[in-house]
Amino acid sequence: MGGGTGNFLRALAASKGGLIGAVLLLAFVLLTAAAPLLPVPGPTQSNLRARLQPPTLSLTEIGAHPLGTDNIGRDMLSRILHGGQLTLAVGAAAVVLGGVVGVLLGIVAGYRGGMWDRVLMRLVDIQLAFPLMLLALIIAAALGPSVRNLIIVLALTSWTRYARIVRGQTLAVREREFVQSARAIAASPWRIMTRHILPNVMTPALVVATLELARVIILEAALSFLGLGVQPPWPSWGRMLAEGRTYMASAWWIAAFPGLAIMLTVLSVNLLGDWLRDYFDPKLK
Amino acid sequence: MSGILDVSGLTVRFDTPAGTVHAVNDVSYSLADGETLGVVGESGSGKSVHVLAMLGLIARPPGRIAGGSVTFGGRDLLTLSEAELRDVRGGQIGFVFQDPMTSLNPVLTVGRQIAEPVIRHRGLSPRQAWQRAAELLDLVGIADPERRLRQYPHQFSGGMRQRVMIAIAVACNPKLLIADEPTTALDVTVQAQILGLVRDLKARMGMSVIWITHDMGVVAGLADTVQVMYGGRIVERGPVRAIFKDPRNAYTWGLLRALPDHGQRVQRRLHQIEGQPPDLYAPPKGDPFAPRNPFATPRCFEQIPPLVPAAGAVPGHLVAAWYDLPRLLAQRGDAR
Amino acid sequence: MIRFLLGRLGESALAVLGVVTIVFIVTRLLGDPAILMLPVGATPEQLASFRAELGIDRPLVVQYADFLWNAVRGDFGRSFQHNRPAIEVVAERMPATLELASSAIALGLLIGGGAGMIAAMNRGTALEVFVMLLALLGQATPVFWLGLMLILFFAVDLGWFPTGGAGTFWHLALPALTLATFTSASIARLLRSSVIDVLREDYVRTARAKGLLPRTVMVWHIARNALIPVATMVGILAGELLGGSVITETVFAWPGVGRVIIQAIEVKDFPVVQAGIMMIAVTFVSINFLVDLLYGVLDPRIRLR
């Protein structure tokens, strides 16, 4: 472990928010990833004799449902864990896809300048003139609901934020000596952009990615809530909430727990993201 | 003796996570009516902090006044409530700060910023205060005051903004003007203009002035009395002529040597005082300047010298030193 | 000032053009509008005649120009569901959306502004920690979930408010609070750090050195400057708010544009979707234009450049 990593971890451990965020997020990731191995019923396995069971703390009882069951008797805990798997995976995929596109375009705009820069940044401005939720809504409606389309939609709302910050960073890096000397020996622009500039814009891109993950998770849940995201019977937190709506008056837990899961996940990601931003570059605010 | 301002034993501490900063240590002096006092020292000498502290302008916490008294207009400022201090600030004591680029509020008109203290302390109506603001702009030498009042700070140059700051400071005819490095951020020509302006205003309005600076050259043409501070203490104090001709503290002597010599055509290389400023977290038990002082005696490292009348000097010339600087200089053959 | 105004007006016009273009691209290039727009089970003849009717057998450039021209006139076609011009269906819902959104912004500024100020003026106390924790939670709470929980608690359990619909102040309260939560939280966090930055400024020390009353220093020297970054933020938040209104309206059965859009998506009534999206996007651009004007009013350095 290098000194940089050591310092990073020490600073993380010394912060309150960052540490809580990191630990919570790690716990979520591990729990949802291990969901199939845990002693819970399958997420789509219904049991009509155990419908709408309230949450219980009597874990000694065999086949108890700690978070209750939904309207067709599926175990809520299992659905939340499996739903979290999907939510986190979709969120991560969208953030990576949006990040790759945004970082590349940001580097090109910043390094090439001129026409490239003007056109790309104008595109960013135009897209930001469109409320993201609506953009996601109209594209999701046009593409039709599926996990693949969901990732594309979320990535489309996300690339602009990377592009902006990476472009700014590229403008600064472009003038540094190692880039100037690479130019002097007539290295190809592609080589300069990937070998010299890319490594130097990765840190701000990582900070943006963390903050974007929180936003994308909420947006995914909203789209699934509106029926434009993950389709049944697959559990997704937003979808489960929509299903629980009907039974809210009699079985509050069906809608309450998925929402709580979203909130805690987003909170942990935000805490970690805020801390990362302050740690690496407070100017990114 | 009693002047318009009597400072006695003023001590200021800052309680920080890293420890207690001994910012101002047992500072005592008196300012006569109409006197101009130049306070000279490097950053961290306590020259600015001690005046900010006596008017409640340091953040508390971490700042704390650990002792002393400051008598102004018959009252001890240190015992006044915040509301009573507010009446003194801007009304009887005017302030000019170092950086004119950041000391004015960027979103309010210059007129409004000058009128504020007049309305607050003199109870004038906004219209009358605006009138007064125009007079003040004229007084500090800004042409076309009626138009300039409606402008914002970013439409003024650095020197002009400092004139505005001075207009604000003297708006209520204060008895005392405190100027904290007001010319440091300005270029030399503008510096001279501002110095001239303050000299002129002082003569017309009959105020006392405390001029805080790190530059001995600035006080030469302005101050009646010079007071040199180091490590939160006064190390030498006296009439301006005596200090320049007959410095008794090695630090004062070092500052004077750092001045470019205007008498000689070939300018001497600026003499810098070597070494680090004192550690204010853990002040040494002796003279804080001793580690940097080529004339230091063993006693300098052991005991803090008291501020006492300098032997054989003019009345009012005080020094804190265990060594006899004129004799040591004579031995070295350095006559300056 | 006039140059600043004209410049911003031009940028707004360009943004609207961009929005129209995005709507055009999304609806024309991501599938056959005839299939998207006609109900499932339409015959090939119906599809063909519909394509001719829409003019989508013509070159794209012509279609785009046509679409632009129609958009300028507010013509987005007829709603299948309501059998009248889509723009009419949307326009009559606009007041409800504006009522909800403006209440939420006002509430957000009030709550967020107050909370941010309280946190900044009480640095290092338990109160600051508490307020900032609330703000963090507020930023992490999904709008639709908060709406449901508020309904569950205040409408179903306590019966203090109606569960949905519009008309009275009591109908407005829960949806406005739901929508204002994210806005309040964001404003509180921004204002806190903004005030803390301003407190360090030399001009605040100058104001105190003038002996001004704490109230004067607070309002004219601290808040007045700390609000400038918040003004920019309000423009961005307006986007979140208008997007969030789609969901809030659905949750609370609020008869606004957002709910109409969702209903139209469900039955593939695309003229209404287009008209609704355009309407909200143009509102967003207009809000940002107004925010920029406000920015100019707040900051003379922009106005008098």
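Author: Contact means heavy atoms within 4.5 Å. In this predicted model, two pairs of chains touch, and the most contacts are between chains A and C.

Reader: What about chain A and chain B: how far apart are their nearest C-alpha atoms?

Author: The nearest C-alpha atoms of chain A and chain B are 15 Å apart, and these two chains do not touch.

Reader: Why are α5(A) and α12(C) called roughly parallel?

Author: Helix α5 (residues 132-143) of chain A packs against helix α12 (residues 257-266) of chain C at an angle of about 15°, and their axes are 11 Å apart. Angles under 35 degrees count as roughly parallel, and α5(A) and α12(C) are therefore given that name. Their crossing is left-handed.

Reader: Which residues make that contact, and how many are nonpolar, polar or charged?

Author: From α5(A) come Leu134(A), Leu137(A) and Ala141(A), and from α12(C) come Ile261(C), Ile262(C) and Ile265(C). Sorted by class, the contact has six nonpolar residues, no polar and no charged ones.

Reader: Why does Thr109(B) count as buried?

Author: Thr109(B) has 16% relative accessibility. Buried means under 20%, so Thr109(B) counts as buried. This residue lies in the loop between β6 (93-96) and α3 (110-122) of chain B. Apart from neighbours within four places in sequence, Thr109(B) is in contact with Trp130(B), Leu149(B), Arg150(B), Gln151(B) and Tyr152(B).

Reader: How do you know that the length of α7(C) agrees with what a helix of 15 residues should span?

Author: Helix α7 (residues 126-140) of chain C should span 21 Å at 1.5 Å a residue. The expected span takes one less than the number of residues. The end C-alpha atoms of α7(C) are 21 Å apart, so the two values agree.

Reader: What do the buried residues of α7(C) pack against?

Author: They pack against α9 and α11 (253-280) of chain A, together with α6 (94-121) and α9 (169-199) of chain C. Among the buried residues of α7(C) are Glu128(C), Val131(C), Met132(C) and Ala135(C).

Key
Residues are numbered from 1 along each chain as its sequence is written. Chains are lettered from A and ligands numbered from 1 in the order in which they are written. This is a predicted model: local features need pLDDT of at least 70, side-chain atom pairs count only at pLDDT 80 or more; totals for chains, interfaces and linings use all residues. Side-chain values use heavy atoms; hydrogens and water are left out. Axes are lines fitted to C-alpha atoms, for helices over the stretch in contact, and angles run from 0 to 180 degrees between N-to-C directions. Helices (H or I, at least four residues) and strands (E, at least two) are DSSP runs, numbered from the N terminus. Angles under 35 degrees count as roughly parallel, over 145 as roughly antiparallel, 65 to 115 as roughly perpendicular and the rest as oblique. A crossing is left-handed if the near helix is turned anticlockwise from the far one by less than a right angle, and right-handed if clockwise. Ala, Val, Leu, Ile, Met, Phe, Trp, Tyr, Cys and Pro count as nonpolar, Asp, Glu, Lys and Arg as charged, and the others, Gly among them, as polar. Buried means under 20% relative accessible area, exposed over 50%, partly exposed in between (1.4 Å probe, protein chains only).
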